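Hello,

Here is the structure we spoke about, with notes on what was found in it below. Please keep the structure open while you read.

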Amino acid sequence: MSHDEVTCEKLILECLLDFEDGTMPEADRVELQRHFEMCPPCLNFLTTYRATGRTLKMLKPREVPPALVETVMIFIRKRCKKEGG
Amino acid sequence: MNDAAAAEDLELVRGIKTGDDSAFEKMVKRYHARVYSLAYGVLRNPEDAEEATQDAFWTLYRKIGTFDESKKFFSWFYRVALNAAYSRARRRPSLPTTSIEDRMPRFSSDGHFTIDVPDWSVAIEDEAAARELAARAGEIINELPPAYRDVIWMYDVEEMPSSEVAETLEISIPAFKSRLHRARLYVRERLAELQSAKPAERSGAKPAAGAAG
């Protein structure tokens, strides 16, 4: 990846995921890192892309209802009875 | 999922197919937390998530005969559970659908940003604000076409390994990555819109960076 090729568009649309998941070759990574340092919009984009990932991880419930196994089993047995299963 | 876990799944599947109730109960014990977690992520409500979990296991009970044992059980069941959750989500008033293309970043002909890109990340440093935003993110993901929605749920919310997501959805790793990135770009943009609609002092947004390249 030559420096001339690193535009904001290429970085954001084609390279950002590999940059983030660590599958990018080190030399390319260094190149992109340099772009981020010199380009405030791309840096803000990266920061908010990461914030999006952190926000999504919060969607997981903190706890599972303690009696859920029992609730499911009662539900299934009732349905079986109802439908003659 | 390792081979030993897959073998245990298969043993339980065979038990359920022969009408062994204890095998079914073991399967419920094994996967209820993951199914509930998935359903909660989609529905954002404990009661609905519990009901979607029941639906998923009921489908498992009725449809286990259709499961092809040459495939991984969890990949099959995960899709059953996902469908159960989205089926309940569809009963709610529908959100306006939006195009992914409309929310992709825009660039000038020479490949630079044409708009300001505000950094709203500081807004999620406050836990209450972050939880509020997460709830909105859940709604935003439901706006996505299923091919994108499922990938981002499995990978970013459920934190499943990429290989498992690709296998479950029967897509290649490059297709998985492409969908994941586009889904993230969409969600990021929608979250940015929500933040920009808030008063600056509430969102805590830092000043926007200029559109330079």
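A residue is called buried here if 20 or more other C-beta atoms lie within 10 Å of its own. The model is a predicted one, and the values below are computed from it.

Take Val6(A), which sits in the segment before α1 (8-21) of chain A. Is Val6(A) buried or exposed? With 22 other C-beta atoms within 10 Å, Val6(A) reaches the cut-off of 20 or more and is therefore buried.

**Chain A, α1 and α3**

The axes of α1(A) and α3(A) come within 10 Å of each other and cross at roughly 25 degrees. Angles under 35 degrees count as roughly parallel, so α1(A) and α3(A) are described as roughly parallel to each other. Their crossing is right-handed. On the α1(A) side the contact is made by Cys8(A), Leu11(A), Ile12(A) and Leu16(A), and these meet Pro41(A), Cys42(A), Phe45(A) and Tyr49(A) in α3(A). By class, that contact has 8 nonpolar residues, with no polar and no charged ones.

**Where the chains touch**

How many residues of each chain take part in the contact between chain A and chain B? There are 36 from chain A and 49 from chain B. On the chain A side, the elements giving two or more residues are α1, α3 (40-57) and α4 (68-82). Of these, α3(A) gives the most, with 14 residues. The chain A side divides into 22 nonpolar, 8 polar and 6 charged residues.

**Chain B, overall**

Chain B has 9 helices and 0 strands. Buried residues make up 38% of its 213 residues. Among the contacts in chain B with a separation of 6 or more, 69% are between residues 24 or more positions apart.

**Chain B, α3 and α4**

Helix α3 (residues 46-63) and helix α4 (residues 73-90) of chain B have axes that come within 8 Å and cross at roughly 135 degrees. That angle makes α3(B) and α4(B) oblique to each other. This crossing, of α3(B) and α4(B), is right-handed. Which residues meet there? From α3(B) they are Asp48(B), Glu51(B), Ala52(B), Asp55(B), Ala56(B), Thr59(B) and Leu60(B). From α4(B) they are Phe77(B), Val80(B), Ala81(B), Ala84(B), Ala85(B) and Arg88(B). The contact of α3(B) with α4(B) has 8 nonpolar, 1 polar and 4 charged residues.

**Chain B, α7**

In helix α7 (residues 162-169) of chain B, the buried residues are Val165(B), Ala166(B), Thr168(B) and Leu169(B). They cover an arc of only 165 degrees around the axis, so they are on the same side of α7(B). What covers these buried residues includes α4, α6 (146-157) and α8 (173-196) of chain B. Just after α7(B), Glu170(B) takes a positive phi of about 55 degrees.

Regards

Key
Residues numbered from 1 in each chain as written. Chains lettered and ligands numbered in written order. Predicted model: local features only at pLDDT ≥ 70, side-chain atom pairs only at ≥ 80, totals over all residues. Axes fitted to C-alpha atoms, helices over the stretch in contact; angles between N-to-C directions. Helix = DSSP H or I, 4+ residues; strand = E, 2+ residues; numbered from the N terminus. Parallel < 35°, antiparallel > 145°, perpendicular 65-115°, else oblique. Left-handed = near helix turned anticlockwise from the far one by under 90°. Contact = placed C-beta atoms within 7 Å. Nonpolar A, V, L, I, M, F, W, Y, C, P; charged D, E, K, R; others polar. Buried ≥ 20, exposed ≤ 12 C-beta atoms within 10 Å, placed from the backbone. Arc of directions from axis to C-beta.
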